[in-house]
Structure formats: C-alpha cells, structure tokens
Amino acid sequence: MPRIATVLIVVAALCVSCNRSARVAVSGSVMVDGQPLAAGDIAFIPASLGQANSAGAAIDRGKYSIPAQQGLLPGDYKVTIHAFRGTGKKTWDGMGEPTAPVSQKKFVEETEQFIPSRYNDATELTASIRAGKTNTLTFDLQVAGGRVAK
C-alpha cells in the first residue's frame, strides 16, 4: 500500500506542474507620432498556425497590459493596433424605420479608423514573446501628422 501512495503523490505533483500556465504577461506602450495613443486596442496574433493562443488589451493613455493569466505563450506574433476618432459628422444609427422622418431618427457621431492599415489589417508589426523575461514592448507608430489613413 505505501508504494501506491508514493505513486499517487508523484502523479499529483506532476499534475500540479502540468496545470501551471506557460503564459506570460505582456505590457508596454503605444505612441503615435511621438505622443501616447489616447485610446485604442492592441492584439497579438500567432505568427504561425501551430501556435495556440492570441491575446489583446485596451490601450489607455498610451499604456496596455495583458496579465499572465490571459497572457501569451512564448513565440512570435503579429501585432495589430486599432484606434478610432470622431469625424465631426452625425450619421443615423440604423435603428428604427428607415422611412421615418429625420426628426424621429437617432443620430450618432461617425467614427473612423485613423491608424494606417500597415499597423492593423495589413500589419507589419511583430513581437517575440519570451518565457522568463519581462515582455515590455513599445510600438511607435508613424501616422503622418495624425492624418486619417485610408
């Protein structure tokens, strides 16, 4: 019987170490033309199909943080950054009857993506996430004087 107890203890210890996540925390900053990005989002997408996870976070006043519990597995990633801003125009929110008079429709501020596609949909940004390291990454985006990217 003591032998079975020893085996069970060893198996239990192995299972505890198996359940530890290999995910790591990632944090850093996002600058646009040298200034902190006021608000947006950042996502890390596996660069290869064999990698299992992706993660992202909100960007607030140029800072983002992904805790280890929701973090990334070590490896190489593509990085996407999105941010929207108001255009100053109002547009119908699409709710209600399309033929209703304008006075009965709700209008909201129109927004537009102002980060160039080379930083999101057609991203050129990459990151290497390493185990046992502090993964603090800064991205300095050039948006040509803050003009809207098409």
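Reader: What is the relative accessible area of Asp60?
Author: Asp60 has a relative accessible area of 42%, so it is partly exposed. Buried is under 20%, exposed is over 50%, and partly exposed lies in between, with a 1.4 Å probe and protein chains only.

Reader: And what is the model's source?
Author: This is a predicted model, where local features need pLDDT of at least 70, side-chain atom pairs count only at pLDDT 80 or more, and totals for chains, interfaces and linings use all residues. Residues are numbered from 1 along each chain as its sequence is written, and side-chain values use heavy atoms, leaving out hydrogens and water.

Reader: Back to Asp60. Which residue forms a salt bridge with it?
Author: Arg61, with the closest N and O atoms 3.7 Å apart. A salt bridge needs a side-chain nitrogen of Lys or Arg within 4 Å of a carboxyl oxygen of Asp or Glu. Arg61 is exposed, at 64% relative accessible area.

Reader: How many salt bridges in the whole structure?
Author: The search finds 2. Arg130 and Asp76 also meet in a salt bridge, at 3.6 Å from N to O.

Reader: Where do Arg130 and Asp76 lie?
Author: Arg130 is in the loop between strand S9 (126–129) and strand S10 (135–141), and Asp76 is in strand S6 (residues 75–82), so the pair ties together parts that are 54 residues apart in sequence. Strands are DSSP runs of E, at least two residues, numbered from the N terminus. Arg130 is partly exposed at 40%, and Asp76 is partly exposed at 38%.

Reader: New topic, rings. How many aromatic pairs?
Author: The count is 2. One of them is Phe44 with Tyr64, a tilted pair with 6.2 Å centre to centre and 45° between the planes. Rings of Phe, Tyr and Trp (its six-membered ring) pair if their centres lie within 6.5 Å; planes under 30 degrees apart are stacked, over 60 edge-to-face, the rest tilted.

Reader: Are Phe44 and Tyr64 buried or exposed?
Author: Both are buried. Together with Phe139 they form one aromatic cluster.

Reader: What about Ser29? Which residues does Ser29 touch?
Author: Gly62, Lys63, Tyr64, Leu137, Thr138 and Phe139, not counting residues up to four places away in sequence. Contact means heavy atoms within 4.5 Å. Ser29 is in strand S1 (residues 26–32), and it is buried, with a relative accessible area of 10%.

Methods: Helices (H or I, at least four residues) and strands (E, at least two) are DSSP runs, numbered from the N terminus.
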